[in-house]
Amino acid sequence: MSFSPKPHAALLIVGHGSTENPDSSTPYFEHAEEIRSRGLFGEVHCCFWKEEPSMREVKYMIDAEEVYVVPDFISEGYFTQDVIPRELQLEGPSTRRAGKTWHYTLPVGVHRSMTGLLLQRAREVAPDANPAETTLFIVGHGTGLNQNSTKAVRDQAELIKASGAGYAEVLDAYMEEQPFIAEWDKLAATPNVVVVPFFIADGLHSYQDIPVLLGIEAEPGEAASQRDVFRHNPHHLRGKTLYYSSAIGTGRNMADVILDQVTDFDAKYHEAR
């Protein structure tokens, strides 16, 4: 998708962050640096819910009068519908406040281009696995705080099924909601299983929690920057061959999805300069 440069506007990438895992914010800064290197915006910034700089510091960081706010989140859930609008005082798709216009896009995880990225990641992690003998799991967190939190994962599973990629099964599964990823071997009928975490970062959940739920690790290990789980593919567990991917958001091509959401916003609301 082509992108029209916005030298007079700022891009604000909003992430969750973590106080428990040092790698949680890494992809967000990489996405920002990738976009910054292309010279498409006058300013490119990141802010977080659980790390510095926080969302409440943003007003001191940005000089531009027009700001595109892109949630680097997977789903339209609690954080994108409640937390971010509250913290940034956003009142709708566009908000005029204190001399600035803030445009609030949809989160990256719901963009249609995510389907191709998920399929690419699945092929990369298991290049020798025959799709006809393979179950592909798309894994999310799941939460009781917002019913929409699992929708993006379910949608991607359905889109991949309809894509003709040839996988025997494509299933959605979660850490804290049914169907539980911990029961992957019971859910999958095929000898091969590929698991792609539908998370932005290789942080606490995708790198430390899910490997334990899968049986790859006995207990949560060190952070991704201090060790590597993924180099040991495949894992022969519970009578099956298991391939475990890094989080989908760790690829630098996620920068393109961020730009796609800005382009889609402009096309829908016609408010860009």
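This is a predicted model: local features need pLDDT of at least 70, side-chain atom pairs count only at pLDDT 80 or more; totals for chains, interfaces and linings use all residues.
Residues are numbered from 1 along each chain as its sequence is written, and side-chain values use heavy atoms, with hydrogens and water left out.

The chain contains seven helices and ten strands (DSSP runs numbered from the N terminus, with at least four residues of H or I for a helix and at least two of E for a strand). Its C-alpha atoms fill a box of roughly 60 × 40 × 35 Å along the principal axes. The radius of gyration is 19 Å, which agrees with the value near 19 Å for a compact globule of 273 residues (taken over C-alpha atoms; the rule is 2.2 Å times the number of residues to the power 0.38). Of the 273 residues, 53% are buried (under 20% relative accessible area, 1.4 Å probe, protein chains only).

Among contacts between residues at least 6 apart in sequence, 75% join residues at least 24 apart (contact means heavy atoms within 4.5 Å).

The axes of helix H1 (residues 26–37) and helix H7 (residues 254–269) come within 9 Å and cross at roughly 70° (lines fitted to C-alpha atoms over the stretch in contact, with angles from 0 to 180 degrees between N-to-C directions). H1 and H7 are therefore roughly perpendicular (65 to 115 degrees). His31, Glu34 and Ile35 of H1 meet Met254, Ala255, Ile258 and Leu259 of H7 in this contact.

Key: Angles under 35 degrees count as roughly parallel, over 145 as roughly antiparallel, 65 to 115 as roughly perpendicular and the rest as oblique. Buried means under 20% relative accessible area, exposed over 50%, partly exposed in between (1.4 Å probe, protein chains only).
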